[in-house]
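Thanks for coming. Please have the model open on your screens, and I will go through some of its features in turn.

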Amino acid sequence: MTGEAGEGGEGGEVPGHDIQGNVLRGYPLDHAAHVFLAIADGAGAKGRRLVRDILPRVTTGAPWPPGHRPARTLNAAFTYRGLEALAPGRAWLEALPEDFREGMAARAERELGDRGPSASDSWEAGLGEGGADMLLTVYAASAGERDRGAEALAGEVAGLGGLRVARVQVTDTLPDAREHFGFRDGFSQPAVAGSGRSPRGEGVRGRLGWRPVRLGEFVLGHLDEDGVVPGGEEEMLRNGTFMVWRKLAQHVEEWDAWRLEAAGGDPGVARRIGWEVVGRRDDGTSLMRPAQTGPGPPEPDNEFAYGDDPHGRRCPLGAHVRRASPRDALGWGTVRTKRHRLIRRGMAYGPREGGAGVDRGLVFVCLNASIARQFEFVQAAWLGDGAAFGLGDDQDFLLGDPATKMTIQGDPPRFLTEGRRFVTTRGGHYLFVPGMEALRRLAAG
C-alpha cells in the first residue's frame, strides 16, 4: 500500500504490517463472530496472557499473497475500562480522548440521540456500560469456520480464569450483499491515501480536482486533513484507530407496511419511496444518475457528487445517504465534510426471512481517528438535525424518531409523515484498535 506525495498525501509506505487488518482493507469474508470479554477485578495479568497467546494469530493490514486468502482472521480491540485493566496506571492512558474514556452508553442520549426504546438502560447484556472490556473479532469464509474460531476462543478464555465471555454476536453477509431493508450496502467507503481507490466522489475535492483523504483521518500517528497528527508522539497510539460498534435492530415489517401505506397500496410506488428515503436504488445505484440499463445486474456507482443538485430534485436533500455523507452538498467543495468521514465495516445479523418479533438488523462498525468529530458529529449534526441541509430540525427519516418528517423536493414537493420506528439501538461500545507494536507492548505489560 503506497501513499501519495503532494496535496493530501503523505508519501512513503502505509504501514500495513503495523495496522490491524480490516481497518484500511476490508476483508472479503462473509461471516463474523464478535466475541466480547469481561476481565474480572485484579485479573489484568490474565488478560495480558490472552493477548500474548493470540498475538501470532492477529491479522495485520499487510496484503495477502495472491491466491492465499485465509480461512479466517482474528483482530482485537479494547474499551477504556479494558485498557485500564491491562495497563493500570500507565501514563499513555491519559492521552486517550474523553469521548472514548466515557464510552458509548454514557454518551448515548446526549451525543447520539438514543432515547425511548433505544435508551442505554434498555441495551442487551454485554452491550451496555461496563458490559465488556475486550472484543475479539473472527471473520471467516464460512459460517462453520467462523463458529469453530469463536468456540476455540471461548475455550482459551475459560482455561485462563479471570476472564469470561460477556457476549457473542454473529453476523453474516446476506445474499446480494443487501441489508435487511433490501438495499445493497457497504460498498461506499472513503478513498484513503495509499488505498488505491479512485478518489472521485469518495475523496476530497479541491482546486485541482479529487484526491484521497489523508491517512490521519482514520489512523493515529499520521497527518490528517488539518495538518495535525492525531495521537501526537504517543507510541502506544500510533497506527491505532477508534472503533464504534453498534447493534441496530431493523423493523422490516414496519418499514414494508409504512411504505405500502404511503404509496396507497401500489408496490411500485412503495419501492420508489424507499429509494427516496435512502437516496439510492435498492441495487445500490445512486439517484444522482439515470437508472442503468443493459445486460447484467447494475453496479453501484460512487463516482458522483451532489453539488450540481443543490435543490434535491434528483436525490432528496434529506435522503439517508446524502445526510450521512454529503460529499460536496454543503458548498465549498468538500471543505465542510472532509473531516467527518467514516470507514464502515458493518454486517447484517439475523435471518433474511422472518415475521414480527424476529431479531434481525445490522451490526454497525465504523473506524475513525476521532469518535466525537467523526461518528458522533455525523450522528448528531447530520442525521439527528436537518439544519445543515436547510431542513430545520427534521431528523433522518430512516433512523429518526417516528414523529419526524421528510420532504421530497419536486413540482410540487411531497411530504412523508407519520413514520414509524424503523431502527432501534440494542447496544454498543467505543473501542480502541491498537497497532501491532502497541499490542505487543500491551501484552508485555
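The lining of the second largest pocket has seven nonpolar, six polar and five charged residues. In that count, Ala, Val, Leu, Ile, Met, Phe, Trp, Tyr, Cys and Pro are nonpolar, Asp, Glu, Lys and Arg are charged, and the others, Gly among them, are polar. The model is predicted, so local features need pLDDT of at least 70 and side-chain atom pairs pLDDT 80 or more, while totals for chains, interfaces and linings use all residues. Residues are numbered from 1 along each chain as its sequence is written, and side-chain values use heavy atoms, without hydrogens and water.

This pocket holds about 220 Å³ of space. Its lining comprises 18 residues, and those closest to the centre are Thr79, Glu102, Gly103, Glu129 and Gly130. At least two lining residues come from each of helix H2 (80-86), helix H3 (98-102), helix H4 (104-112) and strand S13 (423-433). Helices (H or I, at least four residues) and strands (E, at least two) are DSSP runs, numbered from the N terminus.

A pocket, on a 1 Å grid over the protein atoms alone, is an open set of points with protein on both sides within 12 Å along at least five of seven lines; a cavity is a set where a 1.4 Å probe fits but cannot get out; lining residues have an atom within 4 Å of a point. Grid points are joined across faces, edges and corners, and a volume is the space filled by probe spheres set on the points.

Now the cavities. There are four of 30 Å³ or more. Of its 17 lining residues, Gly21, Asn22, Asn75, Thr137 and Met243 are the closest to its centre. Strands S2 (72-78), S3 (134-140), S7 (241-250) and S10 (361-368) each give at least two residues to this lining. By class, the lining of the largest cavity has 10 nonpolar, six polar and one charged residues.

The second largest cavity has a volume of about 50 Å³. Its lining is made up of Gly318, Arg323, Leu391, Asp394, Gln395, Lys405, Met406, Thr407 and Gln409. That gives two nonpolar, four polar and three charged residues.

Next, aromatic rings. How many aromatic pairs does a search of the whole structure find? It finds 16, where rings of Phe, Tyr and Trp (its six-membered ring) pair if their centres lie within 6.5 Å. Planes under 30 degrees apart count as stacked, over 60 as edge-to-face and the rest as tilted. One of the pairs is Phe36 with Trp245, edge-to-face, at 4.9 Å centre to centre and 90° between the planes. Phe36 is in strand S1 (residues 31-39) and Trp245 in strand S7, so this pair ties together parts that are 209 residues apart in sequence.

Last, the backbone. Most residues other than glycine have a negative phi, and most peptide bonds are trans. Asp176 is not a glycine, yet has a positive phi of about 65°. Asp176 sits in the loop between strand S4 (163-172) and strand S5 (204-206). From Asp411 to Pro412 the peptide bond is cis, with omega near -5°. Pro412 is in the loop between strand S11 (406-408) and strand S12 (414-416).
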